[in-house]
Amino acid sequence: MIEVMDILRVAHKSGVEPSLDVLYHKEQHIPGSIHYNIRRLYAQHPWVAEDTGMMVYHYNSRKPEENYLELRYCTTGNRYCAEKSCAQCVELPTNNCSGKHQTVDVFTFHFTSTFLHQFVHNVKLSNRKDEVLAFRHPHAFTKVFPLCNRKRNALDSLLNHSYTGALENIFVNAKVHELLLYSLDCLVDEKEEGFTCKFLADESGRDRIYQAREILLQHIGDPITIKELSRKVAMNECYLKKGFKEIFGTTIFDFYQQQRMEHAKYLLYEKGLSVTDVSALLGYSSISHFSAAFKKHTGLKPCDLLR
């Protein structure tokens with residue numbers, strides 16, 4: 001992975017890397033999954049920086065196995081206190097927090113070409129975003145972009161949540177996919193507001209779509225049908241499917257399966273559970289059905305992640 005501090009040189013207005021102490025560090029490196037690194041830093045001297053995002057598209061036609069997409073972010077203005085964990089704190093990690101240290105927060109999310117293949121498999125590539133996800137764009141590039149409220153809120157939520165263990169993994173995966181979606185929007189000059197589906201112009205309609213996604217995440221181990229989901233959010237099935245695809249860029253089924261398989265990776269690799277146990281926890285009727293779904297969505301066999 002390219003050095004995480006590169007984003008600081010871009011965000012810092014003087015163009016140099018400031019002197020920083022690490023207050024908090026969390027990372028995850030599961031084979032075939034998202035690799036991420038979060039650091040909360042304390043600047044020993046006052047310095048001025050802007051909330052900044054960076055997309056690194058690494059492409060080498062001669063060594064396609066080394067292709068990757070990396071998202072990096074730097075945010076400022078949050079606070080951190082050593083006396084309590086932000087994950088257990090009722091205060092938001094912003095200036096209204098009583099933490100002693102104002103922080104510079106640095107995030108890196110690393111996606112391999114193998115991982116991203118699931119989003120473009122059997123999909124007609126129609127724009128530059130599709131080409132980047134499929135690694136069909138022929139030139140490597142680095143793009144720097146400002147952070148909109150959606151990206152900033154997703155990043156702040158990674159610093160201030162109450163989830164632990166398996167639920168934390170589900171939550172983090174969902175937020176990282178949000179960031180990938182929002183950051184890909186920066187590749188073209190598109191307005192962030194405006195929807196093809198007219199009912200999404202109403203805030204209550206969008207809220208129901210987001211509520212549907214939260215319900216799906218709550219049912220990772222207890223499969224729910226689209227009919228049941230539509231009843232829970234009080235929305236017509238057709239509207240629910242169309243609205244979900246427009247907001248999140250994927251179908252309900254593909255999103256649900258992808259989240260389940262990401263959670264399966266975590267349970268196999270990080271928690272060391274057996275294939276049998278993971279299959280049961282995710283609600284599969286048989287190990288063979290689970291193994292087939294896992295291979296289809298990840299390109300790996302479940303046993304490949306067992307230590």
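1. How much accessible surface does the chain have, and what percentage of it belongs to carbon and sulfur atoms? The accessible surface comes to about 15,600 Å², and 50% of it belongs to carbon and sulfur atoms. Accessible areas are taken from the Shrake-Rupley method with a 1.4 Å probe; for residues, only the protein chains shown count as cover.

2. This is a predicted model, in which local features need pLDDT of at least 70 and side-chain atom pairs count only at pLDDT 80 or more, while totals for chains, interfaces and linings use all residues. Residues are numbered from 1 along each chain as its sequence is written, and side-chain values use heavy atoms, with hydrogens and water left out.

3. The chain has 11 helices and 6 strands. Helices (H or I, at least four residues) and strands (E, at least two) are DSSP runs, numbered from the N terminus. Of the 307 residues, 48% count as buried; buried means under 20% relative accessible area, exposed over 50%, and partly exposed in between (1.4 Å probe, protein chains only). Among contacts (heavy atoms within 4.5 Å) with a separation of 6 or more, 68% come from residues 24 or more positions apart.

4. The 6 strands form an open sheet in the order E1-E2-E5-E4-E3-E6, with antiparallel pairing. Two strands pair if DSSP finds at least two bridges between them. Strand E1 (20-29) and strand E6 (141-146) are the edges, each pairing on one side only. On average, neighbouring strands are turned by 15° against each other, direction ignored. Axes here are lines fitted to C-alpha atoms, for helices over the stretch in contact, and angles run from 0 to 180 degrees between N-to-C directions.

5. Met55 stands opposite Lys143 in E6.

6. Helix H5 lies across E1, E2, E3, E4, E5 and E6, and runs at about 110° to E4. Glu178 is found in H5. Is Glu178 buried or exposed? Glu178 counts as buried, because its relative accessibility is 8%. Leaving out residues up to four places away in sequence, Glu178 touches Ala154 and Arg213.

7. The largest nonpolar core has 36 residues, of which Ile209, Leu216, Leu229, Leu240, Leu282 and Phe290 touch the most other members. A nonpolar core is a set of buried Ala, Val, Leu, Ile, Met, Phe, Trp, Tyr and Cys residues joined through side-chain atoms within 4.5 Å. Several helices each supply at least two residues of this core, including H5 (165-184), H6 (203-218) and H11 (287-298). H9 gives the most, with 8 residues. Not counting residues up to four places away in sequence, Leu216 touches Ile224, Leu229, Phe244, Ile252, Phe255 and Tyr256. A second, separate core of 33 residues includes Tyr36, Phe109, Leu159 and Val176.

8. How many disulfides does the structure hold? The structure holds 0 disulfides, a disulfide being a pair of cysteine sulfur atoms within 2.5 Å. The cysteine sulfur closest to that of Cys148 is in Cys186, 6.5 Å away, so this distance is too far for a bond. Cys148 counts as buried at 14% relative accessibility. Cys74 is also buried, with a relative accessible area of 0%.
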